Amino acid sequence: MTSEMPRNALKWLDMPPVWLAAALLLAWQLRGIGPALGRAGDVAGGLLLVAALALLGLAVREFRRHRTTIVPHEEARALITTGIYARSRNPIYLADALILAGFALVWSAPLGLILVPVFVWIVTKRFIQPEEARLSAKFVAAFDAYAQQTNRWL
């Protein structure tokens with residue numbers, strides 16, 4: 001076994017879905033603390049989850065159309081600016097945040113909503129900023145123009 005093996009395993013642990021799962025676990029632990037959200041929480045949370053799934057589907061479709069990687073640590077072969085990416089530079093991360101908020105509401109864990117801005121901050125620092133630096137270095141003027149006309153989140 002080489003020393004690369006543990007580093008590779010850690011690289012795969014430092015992925016947005018792992019951070020999302022950790023935040024969801026924390027939100028689950030906060031369920032029932034605070035006011036019960038009842039049917040309103042179920043409806044609002046369900047709508048957020050449906051919106052998140054739609055965003056994910058639209059984003060994955062664009063990655064497939066452009067034949068580039070969806071993995072954050074890998075180098076992109078194309079700059080995606082079409083479809084949902086014409087509205088948000090990070091629809092998958094936005095969907096992740098909606099998933100967290102949606103489950104917090106469905107689980108009647110209003111304190112879990114505090115995790116949403118924390119998750120957004122972590123994703124921005126750990127993934128979005130490094131991704132944007134790589135895209136800017138590779139696609140230079142095209143990425144700069146895209147970043148000026150398309151918001152990072154919404």
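Helices here are DSSP runs of H or I with at least four residues, strands are E runs of at least two, and both are numbered from the N terminus. A pocket is found on a 1 Å grid over the protein atoms alone: an open set of points where a 1.4 Å probe fits, with protein on both sides within 12 Å along at least five of seven lines; lining residues have an atom within 4 Å of a point.

A quick word on what you're looking at: this is a predicted model, where local features need pLDDT of at least 70 and side-chain atom pairs count only at pLDDT 80 or more, while totals for chains, interfaces and linings use all residues. Residues are numbered from 1 along each chain as its sequence is written, and side-chain values use heavy atoms, leaving out hydrogens and water.

Now show F63, I70, Y85, Y93 and E131, which lie nearest the centre of the largest pocket among its 31 lining residues. Besides α5, the helices α2, α3 and α4 each give two or more residues to this lining.

Keep F63 and Y85 on screen. They form an edge-to-face aromatic pair, 5.8 Å centre to centre with 80° between the planes. (Rings of Phe, Tyr and Trp, using its six-membered ring, pair if their centres lie within 6.5 Å; planes over 60 degrees apart are edge-to-face, under 30 stacked, the rest tilted.) F63 sits in helix α3 and Y85 in the loop between α3 and α4, so the pair ties together parts 22 residues apart in sequence. Are these two buried or exposed? F63 is buried at 15% relative accessible area, and Y85 is buried too, at 6%. Buried means under 20%, exposed over 50%, and partly exposed in between, with a 1.4 Å probe and protein chains only.

Zoom in on L100: beyond its neighbours within four places in sequence, its contacts (heavy atoms within 4.5 Å) include L20, A27 and F119.

Last stop: select W28, F103 and W107, which form one aromatic cluster.
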